[in-house]
Amino acid sequence: MSQSFLESLHSLPVEENLSTASLPERERLQVLVIGSRDGVIETIHNLHRRGFAEVGAWSPLLPAPDLGEVMSILTRYRKREG
C-alpha cells in the first residue's frame with residue numbers, strides 16, 4: 001500500500017510537476033500532515049499562527065493510506081545550490 005501511496009504523491013498536482021521541470025534551479029519540497037481530520041486541521045492552523053504557511057497554501061484534505069485518516073500537503077520550492 002505504501003508504494004501506491006508514494007506514487008500518488010508524485011502525481012499531485014500536475015502543474016507543479018511541470019513548473020519544476022521548466023525551472024531546474026528550483027527544488028520542490030513537500031510537507032505532509034497525516035492524522036485525524038481534526039488533528040490535521042488543528043496542525044495546519046497552528047503552523048499558520050507560527051508563521052510557517054498560510055492555511056490556504058495547503059491542499060484540500062485527502063484520504064490517507066490508513067482508514068479513517070486524512071492528509072494535507074504543502075508544496076514549497078527552494079533554490080538549488082550550485
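Gly51, which follows helix 3, has a positive phi, near 85°. The model under discussion is predicted. Helix 3 itself covers residues 37-49, and its length is consistent with its residue count: at 1.5 Å a residue, the 13 residues should span 18 Å, and the end C-alpha atoms lie 19 Å apart, which agrees.

Charge pairing was examined next. Side chains of opposite charge can pair when their charged atoms come close. One salt bridge is present in the structure. The partners are Arg78 and Glu27, with 2.6 Å between the closest N and O atoms. Arg78 belongs to strand 3 (residues 70-79) and Glu27 to strand 1 (residues 26-35), so the bridge ties together parts that are 51 residues apart in sequence. Arg78 has a relative accessibility of 36% and therefore counts as partly exposed. Glu27 is likewise classed as partly exposed because its relative accessibility is 22%, the cut-off for a buried residue being under 20%.

Charged side chains do, however, lie over aromatic rings. Arg26 sits over the face of Tyr77, at 4.1 Å from the ring centre. Arg76 is placed over the face of Phe52, with a distance of 5.4 Å to the ring centre.

How values were computed. Residues are numbered from 1 along each chain as its sequence is written. This is a predicted model: local features need pLDDT of at least 70, side-chain atom pairs count only at pLDDT 80 or more; totals for chains, interfaces and linings use all residues. Side-chain values use heavy atoms; hydrogens and water are left out. A charge sits over a ring if NZ of Lys or CZ of Arg is within 6 Å of the ring centre and within 35 degrees of the ring normal. Helices (H or I, at least four residues) and strands (E, at least two) are DSSP runs, numbered from the N terminus. The expected span of a helix is 1.5 Å times one less than its number of residues. A salt bridge is a side-chain nitrogen of Lys or Arg within 4 Å of a carboxyl oxygen of Asp or Glu. Buried means under 20% relative accessible area, exposed over 50%, partly exposed in between (1.4 Å probe, protein chains only).
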